[in-house]
Amino acid sequence: MAFITRQYIRSLSSSAALQAIKHVTVIGGGLMGAGIAQVAASTGHSVVLVDTSEDILKKSAKGIEASLKRVAKKKFAEKPEDGEAFVQKVLKNVSTSSDAASVVQGTDLVVEAIVENLKVKQDLFGALDKVAPEHTIFASNTSSLQIADIASSTARLDRFGGLHFFNPVPMMKLVEVIKAPATSQQTFDALLEFSKALGKHPVSCKDTPGFIVNRLLVPYMMEAVRLHERGHGSKEDIDVAMRLGAGYPMGPFELLDYVGLDTSKFIIDGWHAMDPDNPLFGTSPLLNKLVSEGKLGKKTGEGFYKYK
């Protein structure tokens, strides 16, 4: 009876804490991590952006400030002084650190936005699980890996979920909120409410490969590559057809270059290994060739197209 009572009290205290996400730790100072940190700070959350590289953190801080100034220029077009006050107010909510273990000891939510590598994510969360408070929720921004696999390195499966943001985070309204089999309803609800507090539109997702958006988008892009490989259409014509015929803002090859060919290859390779008989998860010789040549898209100056 004493054990049951302790568990009940613990459940009540955890549930109450889950609803009050005030301090957020974002792991990963890249484009996605910086974007998540910016929107959280803009909505009054206390945010610490963490990365192992001080150079990355300095670049991230400059990027956040520049992004905020662009927002302020539009939002406060007629009162630039109010815009500057807005920028400074938000910046006060953001700090940086290279010591994740120290930061998470006082946080309500950890959002991971690092490399799409299962073991790296598991090692990170396994280490943080040992030092984070009991009430702290862990969330991954993974776009292709399953949340349950990442969470398996921790002892807080019930307090682990997914928050998949979209790039650029300050502008994109959608957040996929993922509930793994062991994620508690309290945790899932807290992640939904947090997403809404950021001014985002959350959608509920099961813990399946690619969730909703990428589960549809990645096979679509890969089928466009296969169409081109079969000689059934040039990449230029396929892109124009999907822009003008389907109303897409970018064609599939333009989108692949924007996302990064290495990222797309990593996702499809992982899904193919998981389900090799699924024709939607087939790999592409052309994509493999471009990646092997270091032609990764816009970030390297060349992918399916060349960029100046």
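UniProt positions are given here in the numbering used for this chain, feature names are shortened, and annotations may be inferred rather than shown by experiment. With that in mind, let's look around this predicted model.

**A first set of annotated residues**

An unreviewed UniProt entry places the feature "binding site" at Ser67, Lys74 and Ser143. These residues span 77 places in sequence, and their farthest two C-alpha atoms are 30.3 Å apart, so they do not all gather at one spot.

Is Lys74 buried or exposed? Residues count as buried under 20% relative accessible area and as exposed over 50%. Lys74, at 72%, therefore counts as exposed, whereas Ser67, at 11%, counts as buried. Leaving aside neighbours within four places in sequence, Ser67 is in contact with Gln38 and Pro170.

**A second set**

Look in the loop between strand S2 (46-50) and helix H3 (54-75). Asp51 is buried, with a relative accessible area of 14%. Beyond its neighbours within four places in sequence, Asp51 touches Gly28, Gly29, Ile56, Leu57, Ser97 and Ser98.

Here are the residues whose accessibility is discussed in this report.

| Residue | Relative accessible area | State |
|---|---|---|
| Asp51 | 14% | buried |
| Ser67 | 11% | buried |
| Lys74 | 72% | exposed |
| Phe211 | 4% | buried |

Most residues other than glycine have a negative phi, and most peptide bonds are trans. Which peptide bond is cis here? The one from Asn167 to Pro168, with omega near 0 degrees. Pro168 sits in the loop between strand S6 (160-165) and strand S7 (174-179).

Phe211 is worth a visit as well: its phi is positive, about 55 degrees, although it is not a glycine. You can find Phe211 in the loop between strand S8 (201-206) and helix H9 (213-229). Phe211 is also buried, at a relative accessible area of 4%.

**Around helix H11**

Helix H11 covers residues 252-259, and its buried residues are Pro252, Phe253, Leu255, Leu256 and Asp257. What covers them? The cover includes H9, helix H10 (235-246) and helix H12 (261-274). Just after H11 comes Gly260, with a positive phi of about 115 degrees.

**The whole chain**

Now step back. The protein chain has 13 helices and eight strands. Its radius of gyration is 21 Å, close to the 19 Å that the globule rule gives for 308 residues, so the chain is as compact as a globular protein of that length. Along its principal axes, the C-alpha trace spans about 70 × 55 × 35 Å.

Buried residues account for 46% of the 308 in the chain. Of the contacts between residues at least 6 apart in sequence, 66% join residues at least 24 apart. The chain exposes about 15300 Å², and carbon and sulfur atoms supply 58% of that area. As for charge, there are 36 positive and 34 negative side chains, and the centres of the two sets lie 4 Å apart.

Definitions and conventions
Residues are numbered from 1 along each chain as its sequence is written. This is a predicted model: local features need pLDDT of at least 70, side-chain atom pairs count only at pLDDT 80 or more; totals for chains, interfaces and linings use all residues. Side-chain values use heavy atoms; hydrogens and water are left out. Helices (H or I, at least four residues) and strands (E, at least two) are DSSP runs, numbered from the N terminus. The radius of gyration is taken over C-alpha atoms; the globule rule is 2.2 Å times the number of residues to the power 0.38. Buried means under 20% relative accessible area, exposed over 50%, partly exposed in between (1.4 Å probe, protein chains only). Contact means heavy atoms within 4.5 Å. Accessible areas come from the Shrake-Rupley method with a 1.4 Å probe; for residues, only the protein chains shown count as cover. Lys and Arg count as positive and Asp and Glu as negative; His and the chain ends are not counted. The place of a charge is taken as NZ of Lys, CZ of Arg, CG of Asp or CD of Glu.
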